Amino acid sequence: LGKQFQYLAEVDSTNTFLKNIPEEELHHGMIALTDDQTKGRGQHSKKWEANAYENLTFSIAFKPNSPDRLTLLTLSCAFAIAKVLGDITNEKALLKWPNDIYVNDKKIGGILTECTFMGPKPERVLIGIGLNINQSDFGDEIKNSATSLYQITGIQYSREEVLSKILFQIEQTYELWESRSPELHKKISQNLIGFGVWVRLQINKELMESRYKFLGVNEKGELLVLNEKLELKSYSHEQIRIII
Ligand code: BTN
């Protein structure tokens with residue numbers, strides 16, 4: 001990862017930047033990193049805002065052998081990041097399905113995965129990562145639900161060091177994903193918020209009456225649950241939200 005590395009003092013979005021690089025110039029593992037992202041995008045067409053120069057804002061372009069199981073790839077990257085953040089803070093960093101990283105019940109980072117196509121064939125997968133590192137406070141709207149490494153430990157971090165640990169860990173986890181390691185989705189599952197708990201599901205925007213036992217994700221990254229009749233069901237993330 002990162003043999004091709006583009007630093008951008010300012011950019012609209014690192015995902016968009018990598019999306020626009022011509023195919024022949026973009027190799028597997030290329031990274032775009034910025035200190036000031038002006039039009040950061042999050043899941044569900046939301047904005048992603050991060051103070052300039054305080055956080056980590058970057059995207060990785062992957063060219064997988066077969067670009068399916070993308071929810072599992074997103075979770076694999078989140079899992080790798082959570083491991084690094086857990087080691088740094090000595091707190092448990094958990095994943096919130098399908099794409100967030102939480103510490104102490106607050107969001108510390110999020111991932112936006114996008115895929116570009118050449119005709120019908122998926123061509124590159126962009127994993128965009130926003131992580132709160134040295135930001136000391138957040139705007140009123142998110143201050144109760146967001147956190148940063150600095151807020152957790154009171155220490156200012158070298159973002160380069162955190163980034164290099166994360167890239168190392170993502171590289172390892174990517175190999176497990178690419179080789180379809182049967183252990184990966186199990187490890188991820190155990191680090192998901194709500195694992196093993198009876199939760200409510202909102203399916204296609206409708207809140208289900210009954211409860212489901214949350215069993216994590218299957219090998220595609222789809223949500224796995226048991227319904228009240230103890231039947232095993234799986235759902236993809238387009239359709240569903242988990243309410244704990
Ligand atoms: C989310 O929490 O909804 C996902 C946030 C993803 C933000 C990152 S920052 C780098 C990359 N570029 C973007 O425009 N978005 C992602």
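## Terms and model

A residue is called buried when its relative accessible area is under 20%, exposed when it is over 50%, and partly exposed in between (1.4 Å probe, protein chains only). By this rule Asp35, at 12% relative accessibility, counts as buried.

The model is predicted: local features need pLDDT of at least 70, side-chain atom pairs count only at pLDDT 80 or more, and totals for chains, interfaces and linings use all residues. Residues are numbered from 1 along each chain as its sequence is written, and side-chain values use heavy atoms, with hydrogens and water left out.

## Salt bridges in the structure

A salt bridge is a side-chain nitrogen of Lys or Arg within 4 Å of a carboxyl oxygen of Asp or Glu. The whole structure holds 12 of them. Glu23, Lys63, Glu123 and Arg124 are joined in a network of salt bridges.

## Arg159 and Asp35

Asp35 forms a salt bridge with Arg159, at 2.7 Å from N to O. Arg159 is in helix H4 (residues 159-178) and Asp35 in the loop between strand S2 (30-34) and strand S3 (56-62), 124 residues apart. Helices (H or I, at least four residues) and strands (E, at least two) are DSSP runs, numbered from the N terminus. Arg159 is buried, at 16% relative accessibility.

## Arg41 and Glu114

In the salt bridge between Arg41 and Glu114, the closest N and O atoms are 2.6 Å apart. Arg41 lies in the loop between S2 and S3 and Glu114 in strand S6 (residues 106-118), so the pair ties together parts 73 residues apart in sequence. Arg41 is partly exposed at 30% relative accessibility, whereas Glu114 is buried at 14%.
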